[in-house]
Amino acid sequence: LLNQHKQKSGAQALWLSALTAEAGRCILTSGGVSARGLILQGLPVALGISLAAALLQTAEQENDVFSGRTFRDRVVCGGFVLWFAAELWETVCQAQELCWEQFSSMAVLGILPLLVWAGWKLEDRVFFRAAGVLWWAAALAVLLCVLSLKGQLHWENLLREPQTGSIRFPLYAEYFAFPLLAQPEENQYRTSAWLPLGVFGLWVGAALGMELLFGAGTVFPGYELLRAGALGLISRFDAVFLLVWLAAALFRVCFLVHLLRRLLGLVWNGRRQEVQG
């Protein structure tokens with residue numbers, strides 16, 4: 001029972017990490033492709049990546065590539081080190097950019113050393129518990145955002161011809177990293193393999209909201225969607241949503257450092273580090 005709880009918590013942490021990165025991308029970048037066009041192009045890619053994630057995670061477990069015992073295992077772990085390091089840098093840049101543009105603050109860079117220290121020292125169970133809390137906060141923030149846009153959406157926009165353009169489907173290392181946290185059972189593999197589709201769903205949801213509010217092919221950044229919300233006497237909910245995202249981004253920074261510590265231990269020591277807590 002304890003092992004199953006760890007597997008579920010590890011999946012929640014990986015889902016939160018990847019969805020936080022995708023939410024940051026949607027908030028800071030502009031659109032250009034309609035929701036229908038995005039679905040037509042992106043859904044087959046998302047399904048293909050989900051299938052690849054399921055197959056690769058199964059192969060990772062069968063070959064125990066995160067054991068660090070062989071040269072091949074260390075090469076794989078080294079590749080994940082580079083991938084997670086790149087994602088860490090991107091998340092720090094996203095958080096600092098948003099913090100500066102919306103709050104005129106350099107707080108992210110100021111607390112970055114503390115985040116790195118916390119990610120290096122804290123145990124797995126701390127991240128698992130924090131992920132559970134942040135999931136509830138994110139769900140509440142999304143609900144408030146949806147309710148605040150009620151009455152402002154123009155559904156006739158969906159009747160227009162879909163605007164198409166080239167898309168670049170986001171690839172995150174979390175798609176393939178679940179065996180790093182635990183040795184999952186088959187049902188847990190199915191859960192983690194849906195992560196690319198979850199990221200795609202978030203992307204489509206953001207594109208749909210922008211299209212319903214501003215029209216197809218809008219080039220506004222995603223945070224303009226948040227600014228448009230109003231509920232009762234409260235005219236804007238963007239600050240609440242952005243603060244929740246910043247909290248999730250800081251969690252992701254710590255979590256990625258934690259995964260990097262685990263991977264570096266495998267590369268240099270050639271042995272699996274036991275899951276703590």
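## The largest pocket

By class, the largest pocket is lined by 34 nonpolar, 13 polar and three charged residues. Here Ala, Val, Leu, Ile, Met, Phe, Trp, Tyr, Cys and Pro count as nonpolar, Asp, Glu, Lys and Arg as charged, and the others, Gly among them, as polar. This is a predicted model, where local features need pLDDT of at least 70 and side-chain atom pairs pLDDT 80 or more, while totals for chains, interfaces and linings use all residues. Residues are numbered from 1 along each chain as its sequence is written, and side-chain values use heavy atoms, leaving out hydrogens and water.

A pocket is an open set of points on a 1 Å grid over the protein atoms alone, where a 1.4 Å probe fits, with protein on both sides within 12 Å along at least five of seven lines; lining residues have an atom within 4 Å of a point. Of the 50 lining residues, Cys-26, Leu-202, Gly-205, Ala-206 and Ala-207 lie nearest the centre. Helix H8 gives the most, with 10 residues; helices are DSSP runs (H or I, at least four residues), numbered from the N terminus.

## Salt bridges

There are six salt bridges, each a side-chain nitrogen of Lys or Arg within 4 Å of a carboxyl oxygen of Asp or Glu. In one of them, Arg-252 pairs with Glu-87, with the closest N and O atoms 2.5 Å apart. Arg-252 sits in helix H10 and Glu-87 in helix H3, so the pair ties together parts 165 residues apart in sequence. Both residues are buried, meaning under 20% relative accessible area (1.4 Å probe, protein chains only).

Key: Helices (H or I, at least four residues) and strands (E, at least two) are DSSP runs, numbered from the N terminus. Buried means under 20% relative accessible area, exposed over 50%, partly exposed in between (1.4 Å probe, protein chains only).
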